[in-house]
Amino acid sequence: MGLKNKKSLGQNWLKNREILEKIADYSAYGIAEKTGVGLEKRPLCVEIGPGLGYLTTSLLRRFDKVIAIEYDDRLAKNLPASFPGTNLEVVHGDILEYDFSRLNEPYVVAGNIPYYITSPIIEKVLTAERLPDRVVILIQKEVAERIVSNKETVLSLFVKNRARVQAGVIVPAHEFTPPPKVDSQVVVMEPFVTGPVVSDEVFELIRRGFASPRKKLVHNLAGMADVERLKVIMGEIGVLVDARPGDLGLTDWDNLYKKLER
Ligand code: SAH
């Protein structure tokens, strides 16, 4: 197709069918499940940024219905014509404005998303009033690695607080047209139906603790409690006194909050 890509909208098309099929398999059946032919179709997939519909093709094979949210008016207008006779609904709009609570059946979110809104998308899908069963998105590899690693960031803790997360297939930059500057990787998130692991108050503490991510935690929290007391508490919860905020896992933050509260 002779369509010019809009860089500002993160338009990088992925055409490798094998990878697209894998992303669609993750979306329908999860990352650890047996996948492939013969499996029952899943009810509903909300696709973020279908673009020209490369991933949409693979999703339609595994879902009874796909609702595809596309911001680019021209792409949104042209997409339905590429999928005659299928159960595809194209919504012209911004994914960040989309109201998931209007859906009245279980759903999965999938997409080769525009990277400039990775964090807002993750935040939105994991805090939806009606949570998706699964979220399968292709993001920058570096960000995917940070989300799943033990060296935490506010984003990784946010994700781990609300979902089981696993990294999937790596997609090298050259697989895209035009190639982006960085490699990509799939992340698969399965939101906890029981709600977040730690409370909003604990998460407030996490945000304060990361005020200067490279500095020591005691430095970041110095305004909250006496430094000597902080050090004692850290010892009690089994965290080294010169730890950086990224060294603490969710449970550590939870423990820290409880001790500080006293
Ligand atoms: N999934 C497609 C294209 C990925 S590129 C593929 O695999 O080929 C990212 C897509 O997201 C583009 O189509 C872009 O127009 C769209 N997009 C950008 N910002 C968006 C937003 N805020 N809401 C929905 N779609 C958006």
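Student: Among contacts in the chain between residues at least 6 apart in sequence, what percentage join residues at least 24 apart?

Tutor: This is a predicted model, in which local features need pLDDT of at least 70, side-chain atom pairs count only at pLDDT 80 or more, and totals for chains, interfaces and linings use all residues. Residues are numbered from 1 along each chain as its sequence is written, and side-chain values use heavy atoms, with hydrogens and water left out. Contact means heavy atoms within 4.5 Å, and of the contacts between residues at least 6 apart in sequence, the share that joins residues at least 24 apart is 66%.

Student: How are α7 and α10 oriented to each other?

Tutor: Axes are lines fitted to C-alpha atoms, for helices over the stretch in contact, and angles run from 0 to 180 degrees between N-to-C directions. Helix α7 (residues 200–209) packs against helix α10 (residues 250–261) with the axes 9 Å apart and at an angle of about 100°. Angles of 65 to 115 degrees count as roughly perpendicular, and α7 and α10 are therefore roughly perpendicular.

Student: Which residues of α9 meet L256, K259 and L260 in α10?

Tutor: The axes of helix α9 (residues 227–236) and α10 come within 10 Å and cross at roughly 135°. On the α9 side of this contact, the residues are R229, L230, I233 and E236.

Student: What percentage of the 262 residues of the chain count as buried?

Tutor: A residue is buried when its relative accessible area is under 20%, using a 1.4 Å probe and protein chains only. Of the 262 residues, the buried share is 48%.

Notes: Helix = DSSP H or I, 4+ residues; strand = E, 2+ residues; numbered from the N terminus. Parallel < 35°, antiparallel > 145°, perpendicular 65-115°, else oblique. Buried < 20%, exposed > 50% of the residue type's maximum accessible area, 1.4 Å probe, protein only.
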